[in-house]
Amino acid sequence: MLIKVRGVTYPSVRQAAESLKVTEAAVYSALFRGSMDLLGLGNTKRKPVEVEGLSFPSIAAAARALGLSEKYVRKVILTDSIAGMKRFRAAALVYRNKIGETE
């Protein structure tokens, strides 16, 4: 499988990982997230997410809590899709109501 990172094409996941000094799992993770150009730059800090008055420490935490995929939440936030944000907000409202009932 050819792997392209910041304009450089590597013949395999293993060679890309070795060249960029990351693990093969990091390469696959970047492929899954659609962020190949960030691979090996150390930009993996969690980014807080706020939606409908709820705060989450990261996109992954928000996705788990709201029952959505991390890839979907990341794409919605990056593209600011109207339909996607509507679904994201709706899931947040359902979650907020659910946690409100247990308190």
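**A walk through the predicted chain**

The protein chain exposes about 7,100 Å², and carbon and sulfur atoms supply 55% of that area (accessible areas come from the Shrake-Rupley method with a 1.4 Å probe, and for residues only the protein chains shown count as cover). What you see is a predicted model, in which local features need pLDDT of at least 70 and side-chain atom pairs count only at pLDDT 80 or more, while totals for chains, interfaces and linings use all residues. Residues are numbered from 1 along each chain as its sequence is written, and side-chain values use heavy atoms, with hydrogens and water left out.

Let us start with the overall layout. Starting at the N terminus, the elements of the protein chain run β-β-α-α-β-β-α-α-α. The radius of gyration of the protein chain is 17 Å, well over the 13 Å that the globule rule gives for 103 residues, so the chain is more spread out than a compact globule. That radius is taken over C-alpha atoms, and the globule rule is 2.2 Å times the number of residues to the power 0.38. Helices (H or I, at least four residues) and strands (E, at least two) are DSSP runs, numbered from the N terminus. Along the principal axes, the C-alpha atoms fill a box of roughly 50 × 25 × 20 Å.

How much of the chain is buried? Buried residues make up 31% of the 103 residues, where buried means under 20% relative accessible area, exposed over 50%, and partly exposed in between (1.4 Å probe, protein chains only).

Now for some backbone details. Most residues other than glycine have a negative phi. K21, in the loop between α1 (13-20) and α2 (24-33), is not a glycine either, yet its phi is near 60°, a positive value. At 75% relative accessibility, K21 counts as exposed. E52 sits in the loop between β3 (49-51) and β4 (54-56) and has a positive phi of about 50° although it is not a glycine. With a relative accessible area of 29%, E52 is partly exposed.
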